[in-house]
Amino acid sequence: SNFKKRIDMTNIQLRLKEIENELLLIDSNNSDDPETDHIDADDLLCEALTLLGQKEIVDIFTKIGKWYS
């Protein structure tokens with residue numbers, strides 16, 4: 001129904017805003033562990049892309065080998 005679609009879109013928009021805030025927190029936390037920060041940011045970006053219907057891109061991205069120092 002249209003009502004359910006509106007609720008779903010509202011939930012997606014709310015989660016995307018939370019992801020944005022979580023990324024800002026990672027950016028501002030002055031961490032001594034940038035590797036973990038990037039891993040966390042990767043996960044958040046993959047979640048955002050999935051919410052936006054881009055799971056195929058996430059699947060390809062997660063197959064690519066990661067290299068962190």
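Modeller: A salt bridge here is a side-chain nitrogen of Lys or Arg within 4 Å of a carboxyl oxygen of Asp or Glu. This is a predicted model, where local features need pLDDT of at least 70, side-chain atom pairs count only at pLDDT 80 or more, and totals for chains, interfaces and linings use all residues. Residues are numbered from 1 along each chain as its sequence is written, and side-chain values use heavy atoms, leaving out hydrogens and water.

Biologist: How many salt bridges does the structure hold?

Modeller: Five.

Biologist: Which residue forms one with Arg15?

Modeller: Glu18, with the closest N and O atoms 3.0 Å apart.

Biologist: And what does Arg15 contact, leaving aside neighbours within four places in sequence?

Modeller: Glu22, Leu44, Glu47 and Leu51, where contact means heavy atoms within 4.5 Å.

Biologist: Where is Arg15, then?

Modeller: In helix H1, residues 2-28; helices are DSSP runs of H or I with at least four residues, numbered from the N terminus. Glu18 is in H1 too, three residues from Arg15, about one turn of the helix.

Technical notes: Helix = DSSP H or I, 4+ residues; strand = E, 2+ residues; numbered from the N terminus.
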